[in-house]
Amino acid sequence: MRRSSTDESTYHRSPSLDSKDYSFPNGAFRRYSSMYGGQFGAASNSFFGFHTNPGPKATKAKYTSPKGNKYVVFYLDLSFIFLLELKRCSMAHNCLQCIKYLMFVFNLLFWLGGCGILGVGIWLAVTQGNFATLSSSFPSLSAANLLIVTGTFVMIIGFVGCIGAIKENKCLLLSFFIMLLIIFVLELTVVILFFVYTDKIDKYAQRDLKKGLHLYGTDGNIGLTNAWSIIQTDFRCCGVSNYTDWFEVYNTTRVPDSCCLEFSENCGLHSPGTWWKAPCYETVKMWLQENLLAVGIFGLCTALVQILGLTFAMTMYCQVVKADTFCA
């Protein structure tokens, strides 16, 4: 007997494969899925015991931030960094300008000092000849020549430092630093060698000065003659180690007139009682020892000036390099 389609039945027909409706009764699938470790729904991340994670697109979709806020924050950060860099460049520029003018003034004084030394050397060379030429082994080692050479070097170094400072030229600043450093090292080496070999230098100097006595009063040696005359008159001494050193020069008992206690014409031919007896080498050496403090202060001031020049040159060189790096 055919069952009416309107009759209620507790049995439901399973959907076929061709059917497009795959819906399940409410609670039916949930009951079975809970047996395998999870709920099936919008809030569940498991399917029949297999856990699932949302993909990158789903993760990105969850964060929704206004794009305008990102741009404002980025702009503020960029503006802050720009202001910091601008302040750094401004401070570096001000520091560079301060060092620049200090170094320019320093080297200008350095250059003017070199001009003065050169002028004195030229004046001595023109008016006094080879003034203070006491050594026969080094006739060119006169006070005039030493002043001329020293003044020329000081002028060149000061000129390079001035131009390098005012132009902020790295090559000139580095050249100034290297030249001044070489001179400083040479001076330091000479001082160390002098104190190490003091005895040998004393013996060699006395022997060389005694040879130079034989050139006294000869043609072409007016500088040496004037130097000995001034030393013996001012220091009240006679000869290198003794007044008898002149006996070998004149081959007789005679000394220059500058050795006399009271100067007069040909007073050197008189008796030894009218001559100075102190040796000039020891007298000058004692004078240097008595004025050792002044000599030391002069040497320290010279070294300090050179160290300041080296410091200014290297500091400005580093500042120029930094300025070129950060503010180019």
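**Disulfides and aromatic rings in a predicted model**

Modeller: In this predicted model, a disulfide joins cysteine 238 to cysteine 259, with an S to S distance of 2.3 Å.

Colleague: Which parts of the chain does the pair of cysteine 238 and cysteine 259 link?

Modeller: The two cysteines are 21 residues apart, and the pair links distant parts of the chain. Both cysteine 238 and cysteine 259 are buried. Cysteine 238 is in the loop between α7 and α8, and cysteine 259 is in the loop between α8 and α9.

Colleague: How many disulfides does the structure hold?

Modeller: A disulfide is a covalent bond between the sulfur atoms of two cysteines. Besides the pair above, cysteine 237 is joined to cysteine 280, and cysteine 260 to cysteine 267. The structure holds 3.

Colleague: What is the handedness of the link of cysteine 260 and cysteine 267?

Modeller: The sulfur atoms of cysteine 260 and cysteine 267 are 2.0 Å apart. The angle about their S-S bond is 105°. The link of cysteine 260 and cysteine 267 is right-handed.

Colleague: What kind of aromatic pair do tryptophan 228 and tryptophan 246 form?

Modeller: A pair of aromatic rings is described by the distance of the centres and the angle of the planes. For tryptophan 228 and tryptophan 246 the centres are 6.2 Å apart and the planes are at 80°. Planes over 60 degrees apart count as edge-to-face, so the pair of tryptophan 228 and tryptophan 246 is edge-to-face.

Colleague: Which residues do ring pairs link into a cluster?

Modeller: Tryptophan 228 is in helix α7 and tryptophan 246 is in helix α8. Both of these tryptophans are buried. Ring pairs link them with two tyrosines, and the cluster is Tyr216, Trp228, Trp246 and Tyr250.

Colleague: Which helix gives the most to the nonpolar patch?

Modeller: The patch is on the surface, with about 860 Å² of accessible area together, and its residues include Leu188, Phe194 and Tyr197. Tyrosine 197 is in the loop between α5 and α6. The element that gives the most, with 7 residues, is helix α5.

Note on methods
Residues are numbered from 1 along each chain as its sequence is written. This is a predicted model: local features need pLDDT of at least 70, side-chain atom pairs count only at pLDDT 80 or more; totals for chains, interfaces and linings use all residues. Side-chain values use heavy atoms; hydrogens and water are left out. Rings of Phe, Tyr and Trp (its six-membered ring) pair if their centres lie within 6.5 Å; planes under 30 degrees apart count as stacked, over 60 as edge-to-face and the rest as tilted. Helices (H or I, at least four residues) and strands (E, at least two) are DSSP runs, numbered from the N terminus. Buried means under 20% relative accessible area, exposed over 50%, partly exposed in between (1.4 Å probe, protein chains only). Patches are made of residues with over 30% relative accessible area and no salt bridge: like charges are joined within 9 Å, nonpolar side chains (Val, Leu, Ile, Met, Phe, Trp, Tyr) within 5 Å. Accessible areas come from the Shrake-Rupley method with a 1.4 Å probe; for residues, only the protein chains shown count as cover. A salt bridge is a side-chain nitrogen of Lys or Arg within 4 Å of a carboxyl oxygen of Asp or Glu. A disulfide is a pair of cysteine sulfur atoms within 2.5 Å.
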